[in-house]
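Have a look at it first, then read on.

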Amino acid sequence: MDNDSIAYYDDPPSYSTFLNKHLLGNQPAVIGPKWIDHWPARQNWIQPLAGQGDHQPQWQPDYEYLRRTFGQAKVQVALCDEQEFSDQKRIDMTFDEFVTQWQQPGSLHYLKDWHFAKAFPDQVMYQVPELFADDWMNEYWLQHSEDDYRFCYMGGHGTFTPFHADVYRSYSWSCNICGIKKWTLYPPGQEDLFKDRLGNLVYDVRHVDPEQFPQFHKARSIVIYQRDGETVFIPSNWFHQVENIGATISINHNWLNATNIEKCFESMCQDLKQVECSLSDLQETMDPFEFVTTSQHVLLLHSGWNWSTLHRLLACIEQRLRLNKDPCLQPEVPWQLAQVQSLQARLGSFAFFSPFVESILDR
Ligand SMILES: O=C(O)CCC(=O)C(=O)O
Ligand SMILES: [Fe+2]
């Protein structure tokens, strides 16, 4: 299957269409290049590429502009030809050193997960598109930590991101500044086909060992080619792999809100089950509260959040919703509050939820 089965909008859809079909419907979308043409990143970071066919990028990075502007920044670069455990090996360098690598023919250095907006808060190179502005994840993490989920990706032809589902099973959006991205998307519900007997996940969908992953060939996938200037919306729980065609730059955010927070919570519950299983040998040596506390600490290390994180996130959002401050395009507030309260009730139903959260908040 290819692009045909995915909704394509030359002009962005109305919020109510996006809400119903894509957020609540959990379906991908592609939006045409006019939407982000005014971004400084689209104006300043790239140059036209003359004489390219339709299936080739029409723009290329302005390497010297980028080097002059961001050269001193410290970045982490993935080496796409070196697998390390379930991901690519990463090395540290300056942005200037990265650009030198990037310009080498055949280079598989991929600058990824660069917290660009955090690194250059004074250089506003893009604005979050209004359909994606209702983002509880960056709202909470930016207020309560040093972390965020706002990224920039830059890499040459053949660089790629291995097969995965996104952090917390959140949504992502990705805007291509230049180059083409080939997305291979797997609709949810096929997860059992993706793992081997030990629970290892397929790494690269182009090279799957049929003995190790005997079921993978049954998986149904959809391919999207995201061209220069186009935006892609990736719903929750859709596994995917991304390959770059030509030199590619993209901005992407992970995000969640009332429409997918339940899916994110379910993924936390599944991760917690796995953690509890891996700690089961220790369970007899601990009292029940100690076991819950240990499991929650391991969950935080393994998945990046736990009950206490979610509890705080919900409290922060509930407070903002009640004040109705900074309204952006979003579902009706009473409906959002009902989602918040339903998750709060589910969290509260865990026998050790309150003492665990109190013990954390007391610190
Ligand atoms: O562009 C890439 O290489 C990966 C992007 C991605 O996985 C995402 O936006 O969810
Ligand atoms: Fe992703």
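Buried means under 20% relative accessible area, exposed means over 50%, and partly exposed is in between (1.4 Å probe, protein chains only). C328 has 28% relative accessibility, so C328 counts as partly exposed. By the way, this is a predicted model, where local features need pLDDT of at least 70 and side-chain atom pairs count only at pLDDT 80 or more, while totals for chains, interfaces and linings use all residues. Residues are numbered from 1 along each chain as its sequence is written, chains are lettered from A and ligands numbered from 1 in the order in which they are written, and side-chain values use heavy atoms, with hydrogens and water left out.

Where does C328 lie? You'll find C328 in the loop between α10 and α11. Leaving aside neighbours within four places in sequence, C328 is in contact (heavy atoms within 4.5 Å) with A133 and D134. The C-alpha atoms of C328 and L131 are separated by 8.8 Å, though these residues are 197 apart along the chain.

Now for the two helices (DSSP runs of H or I, at least four residues, numbered from the N terminus):

| Helix | Residues |
|---|---|
| α10 | 307-323 |
| α11 | 333-348 |

Their axes (lines fitted to C-alpha atoms over the stretch in contact, with angles from 0 to 180 degrees between N-to-C directions) come within 10 Å and cross at roughly 155°. That makes α10 roughly antiparallel to α11, a label for angles over 145 degrees. Among the residues that meet are W307 and L310 in α10, and V333 and Q336 in α11.

Conventions. Parallel < 35°, antiparallel > 145°, perpendicular 65-115°, else oblique.
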